[in-house]
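This report describes one protein chain for a reader who has the sequence and the coordinates at hand.

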Amino acid sequence: MREKMDEAAVCGNCDAVYHEGRWKWMDRPEGAAETTCPACHRIIDNYEAGLITLTGYFLKGHREDLMNIVRSEEKKESGEHPLNRIMNVEENESSVIIKTTDIHLPRRIGKALSLAYQGTLDIDFDESGYYVRVNWNR
């Protein structure tokens, strides 16, 4: 969206509410128009704003523990900011790739993993746009 909406609206996909200039989790205001929030637009279009890649030998034996941290950080972040969500998770034997709807959640997840398990953390923000790549390896 290029302009702010004038009135209260609710996302028909996730039930986030646009109220007083921002998206929130709250009861639907009376007379709210139905729309699609920016996060759901990204999910529908499969157009992520952030990409987190987990790699390394440590991943093999601790995948569940690492994913618990990932999900915990998502829950904390999206609880306060409805537009900050995980879009999808692709797992294979040597990596986990997580796509997000925003640039803040990947950094938060990367820092939480680094704090819990050390490893190498690289965060690369795209200078020309709204995109971040986070790589965590151990």
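## A glycine and its contacts

Leaving aside neighbours within four places in sequence, with which residues is Gly119 in contact? The residues are Trp136, Asn137 and Arg138, where contact means heavy atoms within 4.5 Å. Gly119 lies in the loop between H3 and S8. At 37% relative accessibility, Gly119 counts as partly exposed; buried means under 20% relative accessible area, exposed over 50%, and partly exposed in between, with a 1.4 Å probe and protein chains only. From Gly119 to Tyr57 the C-alpha distance is 11 Å, although 62 residues separate them in sequence.

## Basis of the model

The model is predicted: local features need pLDDT of at least 70, and side-chain atom pairs count only at pLDDT 80 or more, whereas totals for chains, interfaces and linings use all residues. Residues are numbered from 1 along each chain as its sequence is written, and side-chain values use heavy atoms, with hydrogens and water left out.

## Overall fold

Three helices and nine strands make up the secondary structure of the chain; helices (H or I, at least four residues) and strands (E, at least two) are DSSP runs, numbered from the N terminus. Their order along the sequence is β-β-β-β-α-β-α-β-β-α-β-β. The C-alpha trace spans about 55 × 30 × 25 Å along its principal axes. Among contacts between residues at least 6 apart in sequence, 55% join residues at least 24 apart.

Of the 138 residues, 43% count as buried. The accessible surface comes to about 8200 Å², and carbon and sulfur atoms account for 44% of that area; such areas come from the Shrake-Rupley method with a 1.4 Å probe, and for residues only the protein chains shown count as cover. The chain carries 18 positive and 24 negative side chains, with the centres of the two sets 4 Å apart. Lys and Arg count as positive and Asp and Glu as negative, while His and the chain ends are not counted; the place of a charge is NZ of Lys, CZ of Arg, CG of Asp or CD of Glu.

## Nonpolar cores

In soluble globular proteins, nonpolar side chains tend to be buried together. A nonpolar core is here a set of buried Ala, Val, Leu, Ile, Met, Phe, Trp, Tyr and Cys residues joined through side-chain atoms within 4.5 Å. The largest such core has 21 residues, of which Leu54, Leu66, Val70, Ile98, Ile109, Leu113 and Trp136 touch the most other members. Strand S5 (50-55), helix H2 (57-80), strand S7 (95-100), helix H3 (104-117) and strand S9 (132-137) each give two or more residues to this core. H2 supplies the largest share, six residues. Beyond its neighbours within four places in sequence, Ile109 is in contact with Ile52, Val70, Glu73 and Ile86.

A second, separate core has nine residues, including Cys14, Ala16, Trp23 and Ala39. Trp23 belongs to strand S3 (residues 22-24) and is buried, at 8% relative accessibility. Trp23 and Val10 lie 13 residues apart in sequence, with 8.8 Å between their C-alpha atoms.

## Aromatic rings

Rings of Phe, Tyr and Trp (its six-membered ring) pair if their centres lie within 6.5 Å; planes under 30 degrees apart count as stacked, over 60 as edge-to-face and the rest as tilted. By this rule there are three aromatic pairs. The ring centres of Phe58 and Tyr117 are 5.1 Å apart and their planes are at 50°, so this pair is tilted. Because Phe58 lies in helix H2 and Tyr117 in helix H3, the pair ties together parts that are 59 residues apart in sequence.

Both partners are buried: Phe58 has a relative accessible area of 11%, and Tyr117 one of 19%. Phe58, Tyr117 and Trp136 form one aromatic cluster.

## Loop residues

Ala49 sits in the loop between helix H1 (38-45) and S5, and is buried, with a relative accessible area of 0%. Not counting residues up to four places away in sequence, Ala49 touches Arg42, Thr100, Thr101, Asp102, Ile103, Tyr130, Tyr131 and Val132.

Asp15, in the loop between strand S1 (9-11) and strand S2 (17-19), has a positive phi near 70° although it is not a glycine. Gln118 is likewise not a glycine and has a positive phi of about 60°; Gln118 is found in the loop between H3 and strand S8 (120-125).
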